[in-house]
Structures are given as structure tokens and as C-alpha cells.
Amino acid sequence: MKSAVTLSLVPEARGGPFIFWDDLEAGCASAARHGFDAVELFVPSSNAVPLSKVQELGDRHALKLAAVGTGAGWVQHRLRLTDPDAAVRRRAREFIFGIINFAGILGAPAILGSMQGRHEGTVSRDQALDWLAQELRALGERASGHGVPLLYEPLNRYETNLLCTTHDAAQFIESRGITNVKLLCDLFHMNIEETDVAGALRAVGPQLGHVHWADSNRRAMGMGHTDPAPIAAALKECGYSGYLSAEVFPLPDGDAAARQTMESFHRWFK
Ligand code: LER
Ligand code: MN
């Protein structure tokens, strides 16, 4: 099990669940100081940050890149893969391809979360799911060129109406014959959608690619009412050895959230 911490460089995402903000250099220095193995980056676009800068900071601080989020495509540009407008869907795919390449060169996977969109208006559920399957296939294939998977994240009902549980997402990927796409299980979303978080993780074990390690209220683990014991046991039982990434609010401040996250990581996994 490896630890990661979120670092956002997207001003429009202010108020979102990221521990470190705005400054790549300072964020990497803080991540290293707290003892994280890696950072998870939220970037405005694939060319917003020079690859060499990320590489250099990683080397300087002995930090890996855990994953790169694509949510800015939605937050900044309103791009989503299930938009009724074919031109928007195409630009959404191109945006994600860019992030897959950026992350892939650095050996990390890209995350598809909010850019999956939702079914509404003229777009039926069946239509949206067909588009999603088609896009996941293309994105997974693109990621395979870099030897990394694409991470697909089921979101809670307030953020999507497509696939909200890990079971539905896993079954969707399997039944549509989609390859090289792994699941990102976010414990905050799971707290809302699953009847049994640990059981749900155990059931999708082999498809698990990344975990957002957040408490029930999106604060650092230990600051809400999630019981990490059965969750940690399930992850160990699955043989999961990927990242637990703190996608949480910087409350009461970033350093305190980082410290609390590392305390929970050591308590449950070391
Ligand atoms: C993205 O990882 C996610 O979980 C979203 O809910 C963040 O707003
Ligand atoms: Mn998440």
C-alpha cells in the first residue's frame, strides 16, 4: 500500500477536496515533508505544467506521481463524454487523451471522474451508457500505449446518474468487454452509495486500481465517522498494493489534513 496526497493547480476548483493548492513546488515539498510516497495532481490541462518540472520535483523529493485527474475539463470547460453535442464529446475525449499522454509519459494513470457526465434532457440512459462504453474503450486503449490503465471512478448520485456503485461500474466494464480500465474507489462516494463498503471493495478486488482515502464527510480519514478497520482488512485481503490517495478538504488546514492522513495510513497499513 502506498500513500498519496492531492495537489490542485486549478483555481476554478477552489473549495474542492484537495489538500495542497496552487503551487506545484511548495505542494511537492509539503507532500515529501509529511512522508507521502506520491502526489495526485489535478491540472488545468495537459500542457499547463512542463513534464520536466514534474519529473525534476519528483526526483528532488523522492516522490512518485500517483495519478492525474481530468476534472478540470468539466470544471473549467464544461466538457463531458456524454454531452448531447457531438463536438463537446469529441473535445472531451481529446482533453482526456492529452492528460493520458501527460500522465503516461510520467508512468501514471489518468482518472475519469466528473468528465463522465450524466444522462439528462434528450440523452437517454442507454445512449449515455453506450457513449461511455465507447469512450472508456478508446481511453483504455490509449492508456495501454503507456503501459498504465485508465482509472474510472464511480461517483455518488449527486454527481452522476450513470454508475454510482462499484458493483455496477465493475459489471459495466466487464459486460461491455472494456479492457485496461481499472476502478477508482472513492470512500466518500462509497459511504453514500454502498450498503457495505468493505464488502464492495472485496467484490471488485482484482479490478481495483486506485483508492481515494477520505472519511465520510470528505475530511481526512479519522475526522469523520467511517470505521477504517473493515476497509483496511478488505484492501489487505484483496492483495491491493496501489495508492491510498487523500482526496479530502484541507481542514482545518492542509498541513493538519496531511498529518491526519499519514497518521491513519500508518495506523492501518504499517
Ligand atoms: C473526483 O475524484 C471526485 O471524487 C469528485 O467527487 C470530486 O469532486
Ligand atoms: Mn474521488
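This passage describes the fold of a predicted protein model and the surroundings of its ligand. The model is predicted, with local features requiring pLDDT of at least 70 and side-chain atom pairs counting only at pLDDT 80 or more, whereas totals for chains, interfaces and linings use all residues. Residues are numbered from 1 along each chain as its sequence is written, chains are lettered from A and ligands numbered from 1 in the order in which they are written, and side-chain values use heavy atoms, with hydrogens and water left out.

The protein contains 10 helices and nine strands (DSSP runs numbered from the N terminus, helices being H or I of at least four residues and strands E of at least two). The C-alpha trace spans about 50 × 40 × 30 Å along its principal axes.

Two loops carry backbone features. In the loop between α3 (72–75) and α4 (86–105), R78 has a positive phi of about 55° although it is not a glycine. The loop between β9 (243–246) and α10 (254–269) holds P252, and the peptide bond from L251 to P252 is cis, with omega near -5°.

Ligand 1 is surrounded by E153, E159, D186, H189, H212, R218 and E247 (a residue is near if one of its heavy atoms lies within 4 Å). This shell comprises five charged, two polar and no nonpolar residues (Asp, Glu, Lys and Arg count as charged; Ala, Val, Leu, Ile, Met, Phe, Trp, Tyr, Cys and Pro as nonpolar; the others, Gly among them, as polar). Oxygen atoms of ligand 1 lie 2.7 Å from a side-chain N or O atom of H189, 2.9 Å from a polar side-chain atom of R218 and 3.0 Å from one of D186.

Key:
A polar contact is a pair of N or O atoms within 3.5 Å; within protein, one must be able to donate a hydrogen and the other to accept it, and residues adjacent in sequence count only if both atoms are side-chain atoms.
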